[in-house]
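Try each task yourself before you read the solution.

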Amino acid sequence: MHNRSDQFTKSLLRDGLSLVSAAETEVEVLAATQKIDVYSVPDPARASERAAMGLLGELSAEPSLFEPFHGTPSLRQVRQCLRKQLTWHHELERRARSAARSVAPDEDTDTPPQPAVAFPALVVIGPGRPETVLDAYRCEPVQAGVYHAVPGLMMRVVVLAELPRTRTTLLLRLLGSGRRLREALTDLAALPDDTWEKSVATPLLVHFRHGIQEPTTDEEDDVSAEIRAWFKEYEQKLRAEERKEGRDEGRAEEAARAVLTALRVRGIAVPDAARGRILAEKDPEILERWHERAIVAASIADVLPDLS
């Protein structure tokens, strides 16, 4: 996966999983020419945060290889992923043996220790339903859009087209294209700004929009177009918010000056604390109420009765 759309996909998975795991991309697999797209090891201390992440949290509850596909994966492609899964487990065992030897170097080297190493799960993600894969590995549905292969394989298949349009599936649906990606972008935009989904996805969407001037392949056009459209709306929203903030700030400054002017005209002394509070207030509506009071006030207490 080398084009921009695929880099966005891997980055989104990596950064989302990094909230609750130790996640890497482009993990080298020895004795193989392939690389794991994203490898995730759950952090036990973040179990509650992972539980709040919906489907992605469920899929990352154990050490897992994540292999997303732009198109519906074929049987051959899934077999390549299974080879990576087996080779990676072999590498994890080798590392565990090496670590055990370094801890107890005086033990008999003819019978090296064999620490237990959990077999990592494989999570295959694609837009459409891979019928040949589901049939070949006797995959059974466990929830909408998620299938498990026979237990020994530790393989899960995620069909983006079948995922329900809920917040629990949002980050995964952002890996889609066409209508489903548009829906996911709409759902993302509707979330409050402090949500974890926005903290993960928005910087990546902005970043990959910035690289959009590079030549694209036909395969990338759909995803790139959706991100471009989202980014345009995102920029317009930011500009509108900036304009509103500027208008509100100017309106607040004008209203604060009007309050002080009214107090001066009525000959009312304004202590420094009261002046500072009036000038610091940013809500134009509050300042307008103070101005109405100042027009008929006999003292500063009539305008700011709660001033200590």
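**Exercise 1.** In which sense do β3 and β4 pair, and over how many bridges?

*Solution.* Start with the terms: strands are DSSP runs of E with at least two residues, helices are runs of H or I with at least four, and both are numbered from the N terminus. Two strands pair if DSSP finds at least two bridges between them. Here, β3 and β4 run in the parallel sense, with five bridges. As an example, Ser 64 has Ala 121 in β4 as its bridge partner. Next, look at β2 (residues 35-42): its pairing with β3 is antiparallel, over three bridges. Tyr 39 has Leu 65 in β3 as its bridge partner.

This is a predicted model, in which local features need pLDDT of at least 70 and side-chain atom pairs count only at pLDDT 80 or more, while totals for chains, interfaces and linings use all residues. Residues are numbered from 1 along each chain as its sequence is written, and side-chain values use heavy atoms, leaving out hydrogens and water.

**Exercise 2.** How many residues of strand β3 are buried?

*Solution.* Buried means under 20% relative accessible area, exposed means over 50%, and partly exposed lies in between (1.4 Å probe, protein chains only). In β3 (residues 64-68), five of five residues are buried. Now sort them by face: Ser 64, Phe 66 and Pro 68 are on one side, with Leu 65 and Glu 67 on the other.

**Exercise 3.** Which residues have the most contacts inside the largest nonpolar core?

*Solution.* A nonpolar core is a set of buried Ala, Val, Leu, Ile, Met, Phe, Trp, Tyr and Cys residues joined through side-chain atoms within 4.5 Å. The largest one has 34 residues, and Leu 12, Phe 66, Ile 125, Leu 172 and Leu 174 have the most contacts inside it. Among the elements giving two or more residues are α1 (4-17), β4 (121-126) and α8 (196-210). The biggest share comes from α8, with six residues. A second, separate core has 22 residues, including Phe 69 and Tyr 137.

**Exercise 4.** What kind of aromatic pair do Tyr 39 and Trp 88 form?

*Solution.* Rings of Phe, Tyr and Trp (its six-membered ring) pair if their centres lie within 6.5 Å; planes under 30 degrees apart are stacked, over 60 edge-to-face, and the rest tilted. A search of the whole structure finds one aromatic pair. Tyr 39 and Trp 88 are 5.1 Å apart centre to centre, with 75° between the planes, so the pair is edge-to-face.
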